Amino acid sequence: MTMQTVEFQFITGLKRAIFRNARLRGSWDGSGRYSDDWTESPMQEEIGVDGCPVFTATVSLHLADQDNTFKWGVILDGPQGANFWGIPTEVQDVNSVARHRQFRLNREATVPQVERYYFTYNRHLGANKHFATGSTTPGLRFAVWAPNAKNVEVVFGNPASGYIADDNTGVNQALPMITLSRLADGTWEGGPQGDFETFKSLPYMYRILNAQGQRVYRTDIFSRSQIGRGNINPVKIAWPGTVETLDGSVSCSVVIDADVVRRDFASTPRGMKLDTIPSEEFWTRESTSGLPVPSHLEDLIIYELHVGSLGFGKPGPGDLSDALQFLDHLVELGVNAIELLPMAEFSGNAAWGYGDSHHFCIESSAGGRDKYRHFVRDCHRRGIAVIQDVVYNHYDNEAERAQWQYDSTMPEENIYYWYEGRSSDYKKNDGSPFPEGGYLDNGSTGFTPRFSEEIVRQQFISSAAFLIEEMHVDGLRVDLTQAIHRDNALHADGRSIGNANVFGQKFLREWSRTLRMIKPTVMLIAEDHTGWDAVTKLPAQGGLGFSAKWELAFYHQLIGDSDMAGNRARLLKQAGSGSNEPLQMDWFASALYNSRYNQVVFHESHDEAGNAGGTARTMVTAVNGAPVIGATRTAAEARSRVCFGLPLLSAGTPMFFMGEEIGAQKHYTFDRFLLNRENIIGERTGNGKALFRFYQDLISLSRRLRSIRSQDIDILHLSNSNRVIAFKRWRGDEEVIIVASFNNTAFADGYVIEKDLLAIPNAGWKEIFNSDAAIYGGQNRGNGGATIPSNQGRINVTIPANSFVVLVKQ
């Protein structure tokens, strides 16, 4: 035999047929010989064993080239357009950003050699439907990555308790144990006899015989649902044995039908089937005519929301039912985007969510995947985009049944974590073993994931694709990206590990490429504080592919009530003393101007609302911690209004944290947010009534002005001694001037702003907004809605104390 038949498979893992006209390209010629000039041939589209589109092609290659490394890839048409390269994954080489797959011929093969590329792992790993050849009724197939395991079995648990202990207590003896078979890549797979419906909704775990010969129970990292809905880890404290009290992150995983959605959440009697509908049918009622969901960052006004902090008046944390009820408040407020703190499964039920372990799960205690889909759909019906916060720089610190030591206790075989060298290489100063020294720290919590491993990357990439494709999320905000691409350091001595940084960059590029291939309009935001301009460049331009990044410098210059503020303007912190000494308006002006460079800017976020050292709510910082009552409250609200107006009217995408609209004052911290929960709904008709009206009116104004949604900005004037800044926004022939002051005294006789005729053309400028208006709790000083003439680049404006005015060219 001189030829080897090779079958190529491009497996999408996505139920929806988003790609078409696939063509195989590879490093061989028409006669099947290796060639540096690649040959192109059509691929056939079919439905794979996972029920999703697969593209296949078969080529005969000459065995004389068995020592050559063949390369291949796929060209596709799809959402991105025509003829784009379908392999987002870069090669396993720190010195190359090439994107292709490669293989060598196997002379010993007696059947066609198969080369597969999984675009996503959404239907590859985990518990999924499996369609045997010729069958329309799916069975169940389990697949788990455990390359160091000696044996892997699936065992089922009891739905009433949902927990299997290490001593086998909780195993449902009435259901068969399933032994999985090992594949060459370290994946174990197999399934039971019977159809998928027989096993749907059953809890399960993997019983693994690890490399050391110990039997351990592990959850499914690619699980679609965890059964526990409480906060108790039975290993740590007494547990009453119920699903309602069990921590989801250590509970059994659940066999889920990913293609249906629960119709409603009326109680269902035990033993009765849930009323579900196909996903496609569920999403047909997603939009409201005439009320489009924004799909561009420049159009967004983002409300950062922590679901757990809702549920006002409840003893426990809020959930997605509370979030659904909260939507009417947000509609009245006028925001058009919600950024949710992380919702992937995390330890307990009262947390921020920044330590998570099951990225395909929606936190069970918050309501789970189906209630999440109802939430997203209801947001879209109201014209509100949903941005989901996700965490890839570390895992849950309580991941002992998830990523931690999944199939081996040897640190170098801890498959989900990056480890340098051998554990025997690390010693303490006294010579005693220091095996943890080979893990990597990155400025976040916990050790660095093993970004060099494709399956590790795919748990993040595919779960992001799941959020975008199956949950219909509009965008993602990635937590602390610098921890992924820059800050990886050896735990033993703090030495930078360059390869980990390189693979972190490779991962982020693969992630952004994949998501844009699925949905080109997806909005991708990085929490990145490096100042590296490549963060928001496309991968083709050497960037990481993000649409925008959180700009913490803007916060520090404007607010600065933080131990990390350093040498920043800290305008509100300084103004909060009540004196009238000069402020560094020039430093803030730089941050304001730079907001035009793809930034999300804010005066408050979850970290800066009392959690980060030295921080506090805006109202508190505005008066230096004094009791917010009487005249002090008046001053606090005035300065707080300025602090919202400046990011909202900047050239960036504005964001603010929940509760700012009613003047929240209590410290928001990761461990005491329930104790400090403030009733936003109650306060909006009470002490926060005037501030809420201000937020409503300014948001409404900004959404009406095209100029505010542009990236065009010019600083017209600043004065450190007068504590005044003036800037212009424009789009087309619409021009707006904003003049803001942190001065405690009004410039009642006018204040001259002067630049040049191009910046301030001769015209009439009508005051259309005054933050000092009486309806907002102000002193009603200003220009009275008058039209003010400008002449030769000069305009004389009345500026109220601790306020701003907005003027539009007539």
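Lys549 sits in strand β30 (residues 548-550). Helices (H or I, at least four residues) and strands (E, at least two) are DSSP runs, numbered from the N terminus. The model is predicted: local features need pLDDT of at least 70, side-chain atom pairs count only at pLDDT 80 or more, and totals for chains, interfaces and linings use all residues. Residues are numbered from 1 along each chain as its sequence is written, and side-chain values use heavy atoms, with hydrogens and water left out.

Lys549 has a relative accessible area of 8%, so it is buried. Buried means under 20% relative accessible area, exposed over 50%, and partly exposed in between (1.4 Å probe, protein chains only). Not counting residues up to four places away in sequence, Lys549 touches Ile525, Ala526, Asp528, Gly531, Trp532, Thr536, Asn598, Gln599 and Val600. Contact here means heavy atoms within 4.5 Å. Arg617 is 68 residues from Lys549 in sequence, and their C-alpha atoms are 22 Å apart.

Ser357 is in strand β24 (residues 356-358). Ser357 is buried, at a relative accessible area of 1%. Its contacts, leaving aside neighbours within four places in sequence, are Ser249, Glu345, Asp396, Ala402 and Gln403.

Next comes the nonpolar interior. A nonpolar core is a set of buried Ala, Val, Leu, Ile, Met, Phe, Trp, Tyr and Cys residues joined through side-chain atoms within 4.5 Å. The largest such core has 206 residues, and Phe142, Tyr372, Trp511 and Phe742 touch the most other members. Helix α5 (residues 454-469) gives this core its largest share, nine residues. Another core, of 18 residues, lies apart from it and includes Ala726, Phe747, Ala759 and Ala763. Beyond its neighbours within four places in sequence, Tyr372 is in contact with Leu320, Leu340, Met343, Ile362, Val386, Gln388, Leu467, Met471 and Val473.

Helix α14 (residues 689-704) figures in two helix pairs. Its axis and that of helix α12 (residues 630-648) come within 11 Å and cross at roughly 20°. Axes are lines fitted to C-alpha atoms, for helices over the stretch in contact, and angles run from 0 to 180 degrees between N-to-C directions. α12 and α14 are therefore roughly parallel to each other. Angles under 35 degrees count as roughly parallel, over 145 as roughly antiparallel, 65 to 115 as roughly perpendicular and the rest as oblique. From α12, Glu637, Arg641, Phe644, Gly645 and Leu648 take part; they meet Ala690, Leu691, Phe694, Tyr695, Leu698, Ile699 and Ser702 of α14. Eight of the residues in this contact are nonpolar, two polar and two charged. Ala, Val, Leu, Ile, Met, Phe, Trp, Tyr, Cys and Pro count as nonpolar, Asp, Glu, Lys and Arg as charged, and the others, Gly among them, as polar.

The second pair joins α14 with helix α3 (residues 320-333): the axes come within 8 Å and cross at roughly 60°. That makes α3 oblique to α14. His329, Glu332 and Leu333 of α3 make the contact with Phe692, Tyr695, Gln696 and Ile699 of α14. These residues divide into four nonpolar, two polar and one charged.

Two loop asparagines close the tour. Asn168 lies between β12 (151-156) and β13 (178-179). Its phi is near 80°, a positive value in a residue other than glycine. Asn168 is partly exposed, at 37% relative accessible area. Asn624 lies in the loop between α11 (618-621) and α12. Phi of Asn624 is near 60°, again positive in a residue other than glycine. Asn624 counts as partly exposed, at 44% relative accessibility.
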